[in-house]
Amino acid sequence: MNYELKNIIPKPLAGNDISQSEIWGKNVLLENSKKYVVKSKSGKGKSTFISYCYGLRNDFSGQLIFNGNNSLTFHHDKWVNYRKEKLSIVPQQLELVPFLTVWENLMLKNELTQHRTEKQIISFLETLDVSDFIDKKCEKLSLGQQQRTAIVRALLQPFDWIFLDEPFSHLDKENSEKASELIEQIVKEENAGLVVTSLGENHSFNNLELLRL
């Protein structure tokens, strides 16, 4: 399931100089099972780009072709099904339920997808050093602990693509590398594509294709 971006220009950026962008106003093919990093300074539209690919926004000119079809023809329910079965995300705002514990947040997702065993989930938490906090409410966690929880949540469903919006911005090098390795392992198992946005954070993903906004 590939993405084709055909001369997409976000309406909020209309009139801005996008000549240096390798995405906006260009024809771009994102091939499934490949890995991409989208780099830019703040305010250039990294989160907007993720929102378009994930079906949360469509305020653009041009065409976004997904799975051979123009995304603007998709009904809401179609995007919902894609996000349940084909697309996973770690949003920049994380969107954890603050008054629920780490475990309760993860169970909310896994009860919908039935994709992982409890043993697998605990293994992910142990890998990212958050297993000691499973009974702690997410509002009491540090931002780094919240990011690692959100990463685990994103792995609790099947996906053809996973989108990571500055996922390591509050992690040190060691934790970033652990998270990168776990994500890359699951991406390989799922034979999926990966898109990560970055201001230049630490990661250890291999063979990323660079796209500059």
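Let's start with helix H3, whose buried residues are Val102, Trp103, Asn105, Leu106, Met107, Lys109, Asn110 and Thr113; buried means under 20% relative accessible area with a 1.4 Å probe, protein chains only. This is a predicted model, in which local features need pLDDT of at least 70 and side-chain atom pairs count only at pLDDT 80 or more, while totals for chains, interfaces and linings use all residues. Residues are numbered from 1 along each chain as its sequence is written, and side-chain values use heavy atoms, leaving out hydrogens and water.

Helices (H or I, at least four residues) and strands (E, at least two) are DSSP runs, numbered from the N terminus. The cover over the buried residues of H3 includes H4 and H5. Just after H3, glutamine 114 has a positive phi of about 55°.

Valine 152 touches Leu106, Ile121, Phe124, Leu125 and Leu128, residues up to four places away in sequence not being counted; contact means heavy atoms within 4.5 Å.

Now for the strands. E3 (residues 35-39) is largely enclosed by the rest of the structure, because 4 of its 5 residues are buried. E3 runs parallel to E8, joined by 5 bridges, and valine 37 stands opposite valine 196 in E8. Lysine 39 has arginine 212 in E9 as its bridge partner.

Notes. Buried < 20%, exposed > 50% of the residue type's maximum accessible area, 1.4 Å probe, protein only. Pairing = 2+ DSSP bridges.
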